[in-house]
Amino acid sequence: MVAKRQLFLMSSSAVHGYSYLEHVEKDLPAFLKSHGVSQVLFVPYALTDHDAYTAKVGSVLQRWGFTCSGLHTYPDPVAAVRAAQLIYIGGGNTFLLLRTLYEEQLLQPIREQVLERGVPYVGSSAGTNVATRSIQTTNDMPIVHTPSFDALALVPFNINPHYVEPEPGSTHMGETREDRINQFHQLNGAPVLGMREGSTLLVDGDRATLQGQTRARLFRKEQAPIEYAPGDDLSFLLREDA
């Protein structure tokens, strides 16, 4: 019997008015404790200073009562993933992150752990991007080449973290975030969930719920976008396969 996937997908780890990860200081420890997690395997590949990044995340987790180790410190990353209680992939540059996951041959092992063995997964920003079908709706610059845009596909849709509307009265004439997502939909059919900073998507098996302090905006090809509030059930997205 295939285990249930358990995902905690944050739009961001830093939110205005909060210290680092403070906006999830109740929800994230509760998620970890509900799955009996005491040690977190952190994947720092979205930034270049892996030690500093792991220390930053680890200092918060340790304050909450959890230990944290960086995947980059293991001689065999695949074995470390297969032994992990929980996998947490942090934010940064999505292209750098995905390229490194390909280089270390980690996509399939992570997928197997999460989808077949029920190992909990936490993602933030770029770590949330790679949890979806592809990284085609990231906001990041392609600072490196990736073998493919295909990502972990832990959910069958795309996410746009840090989703924002134009500032009222702005004179900026470039594309809005909504324009960019519409451009994606000119060539692709996957739904895109625009997650504002402070929002989290909690996935428990075949159930998905929006959590956090902010709303999310769902985009579908050739349809008007729809707003969803914290507490709303988004489970229908897990049953779609565009």
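Modeller: Buried means under 20% relative accessible area. The model discussed here is predicted.

Biologist: How many of the 10 residues of helix H4 are buried?

Modeller: Helix H4 spans residues 94-103. Its buried residues are Thr94, Phe95, Leu96, Leu97, Leu98, Thr100 and Leu101.

Biologist: What covers the buried residues of H4?

Modeller: Both strands and helices take part. The helices include H5 (107-116) and H6 (126-129). The strands include E2 and E4.

Biologist: What is the strand order of the open sheet of seven strands?

Modeller: The pairing in this sheet is mixed. Its edge strands are E3 (67-70) and E9 (207-212), as each pairs on one side only. Neighbouring strands are turned by 20° against each other on average, direction ignored. The order is E3-E2-E4-E5-E1-E8-E9.

Biologist: Which residue of E3 is the bridge partner of Phe42?

Modeller: Strand E2 covers residues 39-43. E2 and E3 run parallel and are joined by four bridges. In E3, the partner of Phe42 is Gly70.

Biologist: What angle does the direction of helix H2 make with that of E3?

Modeller: Helix H2 is made of residues 50-63 and packs on the sheet. There it touches E2, E3 and E4. Its direction and that of E3 make an angle of about 170°.

Biologist: Which residue in E5 stands opposite Tyr88?

Modeller: Strand E4 is residues 87-89. E4 and E5 run parallel, with three bridges between them. The E5 residue opposite Tyr88 is Val122.

Biologist: Are the faces of strand E5 covered or uncovered?

Modeller: E5 holds residues 121-124. On one side, Tyr121 and Gly123 are buried. On the other, Val122 and Ser124 are buried too. Both faces are therefore covered, given that buried means under 20% relative accessible area.

Biologist: Is Thr209 buried or exposed?

Modeller: Thr209 lies in strand E9. Leaving aside neighbours within four places in sequence, its contacts are Thr200, Leu201, Leu202, Gly231 and Asp232. Its relative accessible area is 17%, so Thr209 is buried.

Biologist: What separates the C-alpha atoms of Thr209 and Ser12?

Modeller: Along the chain, Thr209 and Ser12 are 197 residues apart. Between their C-alpha atoms the separation is 17 Å.

Biologist: What is the relative accessible area of Ser235?

Modeller: Ser235 sits in the segment after strand E11 (226-228). Neighbours within four places in sequence aside, it contacts Asp206, Arg207 and Ala208. Ser235 is buried because its relative accessible area is 6%.

Biologist: Which helix gives the most to the lining of the largest pocket?

Modeller: The largest pocket has 23 lining residues. Nearest its centre lie Thr138, Asn139, Arg177, Arg180 and Ile181. With five residues in the lining, the helix that gives the most is H7 (residues 177-187).

Biologist: How many residues in the lining of the largest pocket are charged?

Modeller: The volume of this pocket is about 600 Å³. Its lining has seven nonpolar and 11 polar residues. The charged residues number five.

Key: Residues numbered from 1 in each chain as written. Predicted model: local features only at pLDDT ≥ 70, side-chain atom pairs only at ≥ 80, totals over all residues. Heavy atoms only, no water. Buried < 20%, exposed > 50% of the residue type's maximum accessible area, 1.4 Å probe, protein only. Helix = DSSP H or I, 4+ residues; strand = E, 2+ residues; numbered from the N terminus. Pairing = 2+ DSSP bridges. Contact = heavy atoms within 4.5 Å. 1 Å grid on protein atoms, 1.4 Å probe; cavity = no way out; pocket = protein on both sides within 12 Å on 5 of 7 lines; lining within 4 Å. Points joined across faces, edges and corners; volume = space filled by probe spheres on them. Nonpolar A, V, L, I, M, F, W, Y, C, P; charged D, E, K, R; others polar. Axes fitted to C-alpha atoms, helices over the stretch in contact; angles between N-to-C directions.
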